[in-house]
Amino acid sequence: MRRWRLNRAAILASTPLRQALGLMALVFAILLVTLGFAYVALRSSSEDSIRADLKQQTAVFQVAANPETLSVIVSAEARAADPAERAIAFVLADGRQVGNVHVVRKSGQWVIGRNPDFPALSQHGYFTLVMPLAGGFLVIGESQAPIAELTSTFLAILIFSFVPSVLVSAAYGAWAGMRTRRRVSVIEDTLDALTEGRLDARVARSAIRAARGDDLARIGARLNVMAATQESTVEALRQVSADIAHDLKTPMQRISVLLSQLQTELPEGSEARQLAARANAEAEGAVAVFHALLQIAQIEGGSPKNRFTPVDLGALAGDITELYAASAEEAGGQIALAKRPSGSMMVLGDRSLLGQMLSNLIENAIRHAGDAPQITVEVVARDELVELRVRDRGPGIPEAERGQVLQRLYRLEHSRTTPGNGLGLALVDAVAGLHDAQLTLSDNAPGLVVTLGFPRV
Amino acid sequence: MKILLIEDDATTSDYVSKGLREEGHTVDALTNGRDGLAQALAGEYDVMIADRMLPELDGLSVVRAVRAAKITTPVIFLTAIGGVDDRIEGLNAGADDYLVKPFAFGELSARLAALARRPQAQAEQVVLEAGDLRMDLISRRVTRAGQEIDLLPREFALLEFLLRRKGRVQTRTMLLEGVWDLNFDPQTNVVETHISRLRNKVDKPFERDLIHTVRGAGYRIEG
């Protein structure tokens, strides 16, 4: 249930919300472009019509032949017109002016100002037309208010069409995001459970049925099929292992029992008794090979990781190194734990399997690294990894054969005569795989370096 | 000791029964899980030995049922199923120990002896002794016949483990589990090497040997 508590980041990262936001941006862009074009076209056509209108108006004034008559006409027109809509002014040659506005010439341009006897000017400015007439200048201005209205109408259209679409698509995106997030987390939980070895975990039917036949439902259904297949495979392997274990080990047990009994029946120190002891030892060897093969198969078949605990790899390396120190010295060699730097060497795993893995590496080195094996064990923290290294100064492994030695029962030509069953490194490989550790064999010049990179806790 | 043995393989059953009787124990041997469970619930045993693959009722179910009935008698599994998780599964079912077939009789015998003694509420001992050997657990000093013996930490732990179980055989695997906390069987004779080093310090300079090798089984310290 922990995953069902949805955090903001998870919803923002969800595909549906991202798609909704993307779509929204696209709609906005299209709207902006089309409305923009319409606006520009409408604006220029209404500007044109205003200017044409302006020109037509001048016709009325052109009939006046002298300034006095024109002044009278302008005064009459000015009284009838609201300066906020239309400004009219006539400047006579002597500088006097009539009209509903007061005009001033500034650097060759006529600027419309307020005439205190008339109402206020247009706030949006004017399209002006200046015409020399009857020895003076006639200035007519048409307010730009229609253009400003046009602009605010377009802005209103933009806002009214955009805001609802933003709200609707954001709400839909969040809703779909949450819904998908829930269903994805059901699938993720199932995958986590499967990874941890709970092979009976399945995606809940409700999550698969929610939206009949959509992609998530199909993935969920397929995951269930896959999990069922894996479960039955593992179960079959377990069954086969148990059967083999029982059917083969029981006779082995009997052989061992009979040989032990035979041994006690025979006179002490006799050759026959020694033969019985040797036969017993051989039977034990066969069982050991068989046991190791079963163990590797079980580990590779998916041993559950849910019982993993934090293991201090540094401490474990110390223990195992100490365990083998005396044996290495007896073989005329030496095993040393390189001084480990302070800091956490914790990895998540099975202490017993990790111990066995390290033992196999050290036993290999003692066995194959010559008469006086010099072995160094190191544990170092590197970035996100804890690296375990076992070095020896023996003959090493030719590069071409480094991959093959990890296979079961593979033995190098020169080591065929030494004891061992060719399963040690295969087990190391299986344990490394179970722990998501990277296993590398390299040259110690001379000798072999086995490196295992574990993910750090 | 009164021992219940549930084992369907006649050869193994006879061998175990015979060996245990020779050691002076009383053995009731049964060949299927159902009878075994009935007998476990009825009789009072000091220790039980059970196979995991049994006809009628498997060993895990037998042990679970025994534990559900609040019977605390120590149980050891004696089984061919020896995978990584199987051991944990067996112990989780309520067994006290797990021995994988094929096994040596000495191993079984030593483990049974350890199990039967397990619940003893040991008074906090401060000094462990065997003959003229003395181990002071507080000052962590070891002396023999008044002579100081210098031991490495692991040698001290090994000697302490043996002294706490004075007179009882401890096998290689029991020592690996108890002293090193490892439950796998190394191919090399690591335990032997450690015992031999311990002997060099504890026994060699003196006349009488305290650490004894029990053939085919393990080691024992005697007073």
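Two residues are taken to be in contact when their C-beta atoms, placed from the backbone, lie within 7 Å. By that criterion, in this predicted model, B:Ile76 touches B:Ile49, B:Ala95, B:Asp96, B:Asp97, B:Leu99, B:Arg111, B:Leu112 and B:Leu115, leaving out residues up to four places away in sequence. B:Ile76 also belongs to the largest nonpolar core, which has 105 residues. Together with A:Leu313, A:Ile362, A:Val431, B:Ile49 and B:Ala50, B:Ile76 touches the most other members of that core. The element that gives the most to this core is helix α8 of chain A (residues 313-330), with nine residues.

Turning to chain B as a whole, its secondary structure comes to eight helices and twelve strands. Of its 223 residues, 39% are buried. Among contacts in chain B between residues at least 6 apart in sequence, 56% join residues at least 24 apart.

One buried position can be followed in some detail. B:Leu108 sits in helix α5 of chain B (residues 105-117). This residue counts as buried because 21 other C-beta atoms lie within 10 Å, and the cut-off for a buried residue is 20 or more. Apart from neighbours within four places in sequence, B:Leu108 is in contact with B:Val16, B:Leu78, B:Leu99 and B:Phe103. B:Tyr98 is ten residues from B:Leu108 in sequence, and the two are 9.8 Å apart in space, C-alpha to C-alpha.

Helix packing in chain B is illustrated by α6 (residues 153-164) and α8, whose axes are 10 Å apart and meet at an angle of about 90°. The two helices α6(B) and α8(B) are therefore roughly perpendicular. On the α6(B) side the contact is made by B:Glu155, B:Leu158 and B:Leu159, and on the α8(B) side by B:His194, B:Arg197, B:Leu198, B:Lys201 and B:Val202. Sorted by class, this contact of α6(B) with α8(B) has four nonpolar, one polar and three charged residues.

The contact between the chains takes 35 residues from chain A and 27 residues from chain B. On the chain B side, the elements giving two or more residues are α1 (10-22), α4 (84-93) and α8 (190-202). Of these, α8(B) gives the most, with four residues. The chain B side divides into 13 nonpolar, nine polar and five charged residues.

Chain B also has an open sheet of three strands in the order β10-β12-β11, with antiparallel pairing. Strands β10 (170-171) and β11 (211-214) stand at the edges with a single partner strand each, so one side of each is left without a neighbour in the sheet. The pairing of β10(B) with β12 (residues 218-221) is antiparallel and runs over two bridges. B:Gln170 has B:Tyr219 of β12(B) as its bridge partner.

Finally, several loops carry backbone features worth a look. In chain A, the peptide bond from A:Ala445 to A:Pro446 is cis, with omega near -5°, and A:Pro446 is placed in the loop between β12 (438-443) and β13 (448-455). In chain B, a cis peptide bond runs from B:Lys101 to B:Pro102, with omega near -5°, and B:Pro102 lies in the loop between β5 (97-100) and α5. A:Asp383 has a positive phi, near 50°, and is exposed, with 8 other C-beta atoms within 10 Å. B:Glu56 likewise has a positive phi, near 75°, and counts as partly exposed, with 14 C-beta neighbours inside 10 Å.

Note on methods. Residues are numbered from 1 along each chain as its sequence is written. Chains are lettered from A and ligands numbered from 1 in the order in which they are written. This is a predicted model: local features need pLDDT of at least 70, side-chain atom pairs count only at pLDDT 80 or more; totals for chains, interfaces and linings use all residues. Two strands pair if DSSP finds at least two bridges between them. Ala, Val, Leu, Ile, Met, Phe, Trp, Tyr, Cys and Pro count as nonpolar, Asp, Glu, Lys and Arg as charged, and the others, Gly among them, as polar. A nonpolar core is a set of buried Ala, Val, Leu, Ile, Met, Phe, Trp, Tyr and Cys residues joined through C-beta atoms within 7 Å. A residue is buried if 20 or more other C-beta atoms lie within 10 Å of its own, exposed if 12 or fewer, and partly exposed in between; C-beta atoms are placed from the backbone. Axes are lines fitted to C-alpha atoms, for helices over the stretch in contact, and angles run from 0 to 180 degrees between N-to-C directions. Angles under 35 degrees count as roughly parallel, over 145 as roughly antiparallel, 65 to 115 as roughly perpendicular and the rest as oblique.
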